Amino acid sequence: MRHRKPQRRSFLGFCTLLALIAGTAKAANTTNTYDCLIEPTQMVELGAPVSGLIDRVLVARGDRVTRNQVLATLESHAEQAAADLARYKSQLAGPTQLAQTKIEFSQRKFSRRSDMAAEKLMSRQDSDDAEAELKQAQAELVTAKENREVAHLEYVQQSSQLALRTIRSPFDGVVVDQMMWPGEIFEPGATKHAVLKLAQLNPLRVRVVMPMRAFGEPVPGMQASIAPEIPAGKNYSAIVASVDRIVDAASGTFVLFMDLPNPKLDIPSGVKCKATLGK
């Protein structure tokens with residue numbers, strides 16, 4: 001019995017050491033795991049910079065949209081007519097062809113009279129008149145080309161005015177809400193200042209609030225594992241995008257953001273998660 005007590009004490013000490021090591025490892029594992037929230041990368045309310053009657057809304061809540069897709073339009077018959085008129089004027093070729101024809105005729109006339117004036121068969125005044133007529137025809141050609149260029153610029157201006165009455169998606173995303181409907185009057189700055197609300201869900205933005213003691217550990221480009229509440233039991237890879245350089249004095253925390261790829265949109269936005277930072 002005297003010889004068993006040291007062995008029992010050694011065994012108890014060994015178990016205690018294992019427990020301490022396991023507890024330390026568990027603490028180390030939980031140290032790098034933080035609560036987080038999955039959010040859209042961006043959420044915007046879309047409208048038009050001009051007033052008008054809403055003609056069509058081509059999407060509904062929950063629809064997936066792509067960048068530059070037409071989502072809604074304002075009534076634009078007058079603007080469309082003005083753009084068509086400007087386009088027609090910019091394509092007119094008659095004035096230019098008329099000026100070129102005058103130049104060809106004036107050139108031949110001036111050449112003949114110059115030869116006759118050189119042989120003293122015609123007064124020098126007639127030759128000068130023919131030269132002036134040629135220069136006038138050349139000036140008319142320049143004017144015709146300038147007018148056609150002005151008409152083209154007017155067409156570009158009218159087309160730009162027409163484009164302002166079309167609401168397009170600024171990114172690939174999902175329609176979150178529809179605030180106005182066809183037949184309503186849209187006015188920038190009014191109470192209803194948006195027609196649609198869009199969210200960008202690929203990639204998602206993960207917001208992690210970290211304690212002050214961890215400041216300086218996460219850096220942009222660091223890998224992280226994200227375990228969202230939905231779908232449960234799955235882990236996803238994310239990358240640290242930015243880290244706040246200011247610590248909130250009241251809470252003793254700072255925030256970092258991570259980009260979470262979501263090409264299939266199978267990860268919902270607005271759910272809580274656990275973020276485990278890589279070493």
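Residues are numbered from 1 along each chain as its sequence is written, and side-chain values use heavy atoms, with hydrogens and water left out. Because the model is predicted, local features need pLDDT of at least 70 and side-chain atom pairs count only at pLDDT 80 or more, while totals for chains, interfaces and linings use all residues.

## Cores

A nonpolar core is a set of buried Ala, Val, Leu, Ile, Met, Phe, Trp, Tyr and Cys residues joined through side-chain atoms within 4.5 Å. Buried means under 20% relative accessible area, exposed means over 50%, and partly exposed lies in between (1.4 Å probe, protein chains only). Helices (H or I, at least four residues) and strands (E, at least two) are DSSP runs, numbered from the N terminus.

The largest nonpolar core has 27 residues. Those with the most contacts inside this core are Ile38, Val206, Val208, Met210, Ile226, Met258 and Leu260. At least two of its residues come from each of β1 (33-46), β8 (196-211), β9 (223-228), β10 (236-243), β11 (253-260) and β12 (272-277). β8 gives the largest share, six residues. A second, separate core has 17 residues, including Ile54, Met180, Leu196 and Leu198.

What does valine 206 touch, not counting residues up to four places away in sequence? With contact taken as heavy atoms within 4.5 Å, valine 206 touches Cys36, Leu37, Ile38, Ile226, Leu256, Phe257, Met258, Leu260 and Cys273.

## Strand pairing

Two strands pair if DSSP finds at least two bridges between them.

| Strands | Bridges |
|---|---|
| β2 (residues 52-57) and β7 | two bridges |
| β3 (residues 64-65) and β6 (residues 173-178) | two bridges |
| β6 and β8 | four bridges |

Particular residues can be located in these pairs. Leucine 53 stands opposite isoleucine 185 in β7, and valine 65 stands opposite glycine 173 in β6. Glutamine 178 has leucine 196 in β8 as its bridge partner.

## Helix α2

Helix α2 (residues 77-90) has 14 residues. From its first C-alpha to its last it reaches 20 Å, close to the 20 Å expected at 1.5 Å a residue; the expected span is 1.5 Å times one less than the number of residues. The buried residues of α2 are Ala83, Ala86 and Ser90. They cover an arc of only 65° around the axis, so they are on the same side of α2; the arc is that of the directions from the helix axis to the C-beta atoms. The face turned away from this buried side carries the exposed residues His77, Ala78 and Tyr88.

## Local features

Rings of Phe, Tyr and Trp (its six-membered ring) pair if their centres lie within 6.5 Å; planes under 30 degrees apart count as stacked, over 60 as edge-to-face and the rest as tilted. The count is one aromatic pair. Phenylalanine 215 and phenylalanine 254 form an edge-to-face pair, 5.1 Å centre to centre with 85° between the planes. Phenylalanine 215 lies in the loop between β8 and β9 and phenylalanine 254 in strand β11, 39 residues apart.

A cis peptide bond joins asparagine 202 and proline 203, with omega about 0°. Proline 203 is in strand β8.
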